[in-house]
Amino acid sequence: MSDTPLDTSKRTWLIASGCAGAAGAAFTAVPFVSSFQPSERAKAAGAPVEVDIGALKPGEKVTVEWRGKPVWIVRRTPEQLASLKKTDSEVADPDSDRKAFPTPEYAKNEWRSIKPEFWVGVGICTHLGCSPTDKFQPGPQPSLPDDWQGGFLCPCHGSTFDMAGRVFKNKPAPDNLEVPPHMYLSDTRLIIGEDKNNKA
């Protein structure tokens with residue numbers, strides 16, 4: 001009788017409320033369940049990075065991302081390699097002995113690299129985390145000494161690094177640029193974040 005329209009409207013209201021509640025629960029559950037799986041970005045952040053360096057010409061640099069950090073691969077010219085002997089007496093830690101950013105044993109040499117031609121380093125200043133800029137051209141330039149041999153200049157506080165990422169004396173940066181774990185898979189392929197002894 002007169003109860004039928006009321007029952008129908010109650011039923012409609014209950015169905016609509018139930019559907020809205022179920023939809024809300026689904027929207028809430030999906031992000032919650034998917035949060036158990038690491039994102040692609042999170043997976044990539046810790047994974048080793050493989051780089052093809054076959055096209056890199058002498059004097060050029062390529063930047064890749066590893067663990068959220070810029071990693072530089074520089075193919076040094078014979079002149080840039082020769083400049084390292086000239087800067088030996090001017091850098092604060094020529095043999096990379098300081099322990100704050102330990103240098104892998106295979107990079108504890110005058111080139112700070114496995115192969116003299118290629119230098120692999122993290123492009124973050126060891127002072128306050130700015131990213132240095134390339135100053136590969138030797139000679140006098142603004143903010144650089146007249147006998148500049150080429151390297152990197154941190155624009156934030158003026159720290160300078162040679163072509164092996166070694167910090168010059170009396171600069172704010174306390175250490176050389178970090179050399180990440182890396183190894184060669186072939187003459188033209190490099191993997192960053194892994195070496196023969198361990199995975200970083």
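A salt bridge is here a side-chain nitrogen of Lys or Arg within 4 Å of a carboxyl oxygen of Asp or Glu. The structure is a predicted model, in which local features need pLDDT of at least 70 and side-chain atom pairs count only at pLDDT 80 or more, while totals for chains, interfaces and linings use all residues. Residues are numbered from 1 along each chain as its sequence is written, and side-chain values use heavy atoms, with hydrogens and water left out.

## Salt bridges

A search of the whole structure finds 10 salt bridges, and three of them are set out in this table.

| Glu50 | Arg189 | 2.6 Å |

Helices (H or I, at least four residues) and strands (E, at least two) are DSSP runs, numbered from the N terminus. The salt bridge of Arg189 and Glu50 links distant parts of the chain, with Arg189 in strand β9 and Glu50 in strand β1, 139 residues apart. Buried means under 20% relative accessible area, exposed over 50%, and partly exposed in between, with a 1.4 Å probe and protein chains only. By these limits Arg189 is partly exposed at 28%, and Glu50 is likewise partly exposed, at 44%. Asp52 joins Glu50 and Arg189 in a network of salt bridges.

Glu117 has a relative accessibility of 27% and counts as partly exposed.

## Strands and sheet

Two strands pair if DSSP finds at least two bridges between them. An open sheet is formed by 3 strands in the order β1-β9-β8, with antiparallel pairing. Strands β1 (49–52) and β8 stand at its edges, each with a single partner strand, so one side of each is left without a neighbour in the sheet. Between β1 and β9 (residues 189–192) the antiparallel pairing runs over 4 bridges, and Asp52 stands opposite Arg189 in β9.

Elsewhere, β3 and β4 pair in the antiparallel sense over 5 bridges, with Phe118 in β4 as the bridge partner of Arg75. Strand β4 is mostly covered, since 5 of its 5 residues are buried. Phe118, Val120 and Val122 point one way from β4, and Trp119 and Gly121 point the other way.

## Aromatic rings

Rings of Phe, Tyr and Trp (its six-membered ring) pair if their centres lie within 6.5 Å; planes under 30 degrees apart count as stacked, over 60 as edge-to-face and the rest as tilted. The structure holds 4 aromatic pairs. In one of them, Trp72 and Phe152 have ring centres 4.8 Å apart and planes at 25°, so the pair is stacked. Trp72 lies in strand β3 (residues 69–75) and Phe152 in strand β6, so the pair ties together parts that are 80 residues apart in sequence. Trp72 is buried at 3% relative accessibility, as is Phe152 at 0%. Trp148 and Phe168 make another pair, with ring centres 5.7 Å apart and planes at 40°, so this pair is tilted.

Ring pairs also link Trp72, Trp119, Phe136 and Phe152 into a cluster. A charge sits over a ring if NZ of Lys or CZ of Arg is within 6 Å of the ring centre and within 35 degrees of the ring normal. The charged end of Lys61 is placed in this way over Trp72, 4.1 Å from the ring centre, and Lys115 lies over the face of Tyr184, at 4.3 Å from the ring centre.

## Cysteines

A disulfide is a pair of cysteine sulfur atoms within 2.5 Å. The whole structure has 1 disulfide, formed by Cys130 and Cys156 with their sulfur atoms 2.0 Å apart. The torsion about its S-S bond is about -105°, so the disulfide is left-handed. Cys130 is buried, with a relative accessible area of 18%, whereas Cys156 is partly exposed, at 39%. Cys125 is in no disulfide, and its nearest cysteine sulfur, that of Cys154, is 3.9 Å away.
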